[in-house]
Amino acid sequence: MGLVILCVIWLITLASTYFFVAKTWWLPAGASAATAAIDHQFAVTFVLMGIIFVAAQLGLGLFVWRYRGEASSTRADYSHGNFKLEIIWTTLTAILFVGLNLLGSPIWAAERFRPAENGATRVEVTGMQFAWYFRYPGPDGKFGIARPELEDPSAGGEAALGLDPADPASKDDVVTGIMEVPVGREVEVILRAHDVIHSFFVPAMRFKQDAVPGLAIHMHFTPTETGNFEIACAELCGLGHYKMHGMLKVVSQDEFDKWLAAREAEKQ
Ligand SMILES: [Cu+2]
């Protein structure tokens, strides 16, 4: 019986490890400037944790077999454990976790704590049950005032965001259902949520951040390739969560300018 359990444990361990090594279900190809650093950090974490996982599971299987019950076995007795070993593995685990955190924190902080570059494309991203809305400040570079009492999610677009038509700065604001940005330029995202917490996730940009009601969270990323990339909500936000996806279109600067001008024209 001990041998059977050993085989089952080893089989599960090796089979699940295979899918990670073979990258059966993996991240989509990265298309932002932060991809290399984030993927490297991801790989370092995975390899270190993978080695520990495999070693621990192989050891578990071995011990199950080695100390299996037999007619001739002596009775099990209570053990207080090994204080020295416990100190060693707790210290090693702490070093590993703190080390990985220190290694990853500059990458994490770079998207958040450094303000966006001058000339970044500014897009206000608002999550609400169950859609994403994207607002561009227009030629004046200013986002108009949005008032909670004017919000009407069922109306969609500007009305959903509660844009105040009396505010001159809101006159040229453009609200869209897809996010379009120029390639090779930093995108400043101003993240908001109306109702519950959502999470703005663009896997190809290696970009993920919660949108929290009452907060305007500033972050940035730089798309390096043109194309259409999926946006998902990565926070279970209600019954319609599954359909809360959107599209990020990364296009040339020229194409972007034309697209935005066309949206402006539609508004007038
Ligand atoms: Cu959501």
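I count as a polar contact a pair of N or O atoms within 3.5 Å, where within protein one must be able to donate a hydrogen and the other to accept it, and where residues adjacent in sequence count only if both atoms are side-chain atoms. By that rule I looked up D172, whose side chain reaches the backbone nitrogen of D140 at 3.0 Å.

I note that this is a predicted model, in which local features need pLDDT of at least 70 and side-chain atom pairs count only at pLDDT 80 or more, while totals for chains, interfaces and linings use all residues. Residues are numbered from 1 along each chain as its sequence is written, and side-chain values use heavy atoms, with hydrogens and water left out.

**Entry: D172.** I find D172 in the loop between α4 (157-161) and β3 (174-176); helices (H or I, at least four residues) and strands (E, at least two) are DSSP runs, numbered from the N terminus. Because its relative accessibility is 13%, D172 counts as buried (under 20% relative accessible area, with exposed over 50% and partly exposed in between, for a 1.4 Å probe and protein chains only). Leaving aside neighbours within four places in sequence, I list the contacts of D172 (heavy atoms within 4.5 Å) as Y136, P137, G138, P139, D140, K142, E264 and K267.

**Entry: copper ion.** The protein donors (N, O and S atoms within 2.8 Å of the metal, or 3.2 Å for Na, K and Ca; water is not among the atoms, so sites may look incomplete) are H198 (ND1), C233 (SG), C237 (SG) and M244 (SD), at 2.1 to 2.5 Å from the copper ion. I read the site as tetrahedral, with angles of 95 to 122° among the four donor atoms; for four donors that label asks that all angles lie between 85 and 135 degrees. H198 lies in strand β6 (residues 198-202) and C233 in strand β9 (residues 227-233), so the pair ties together parts that are 35 residues apart in sequence. I also checked burial, and both H198 and C233 are buried.

**Entry: sheet.** I traced an open sheet of five strands in the order β4-β10-β9-β6-β7, with mixed pairing (two strands pair if DSSP finds at least two bridges between them). The edge strands, each pairing on one side only, are β4 (179-182) and β7 (207-211). I find β6 and β9 paired in the antiparallel sense over two bridges, and the bridge partner of F200 in β9 is C233. β9 and β10 pair in the antiparallel sense over six bridges, whereas β4 and β10 pair in the parallel sense over four.

Key. Tetrahedral: all angles 85-135°; square planar, octahedral: opposite > 155°, others 65-115°.
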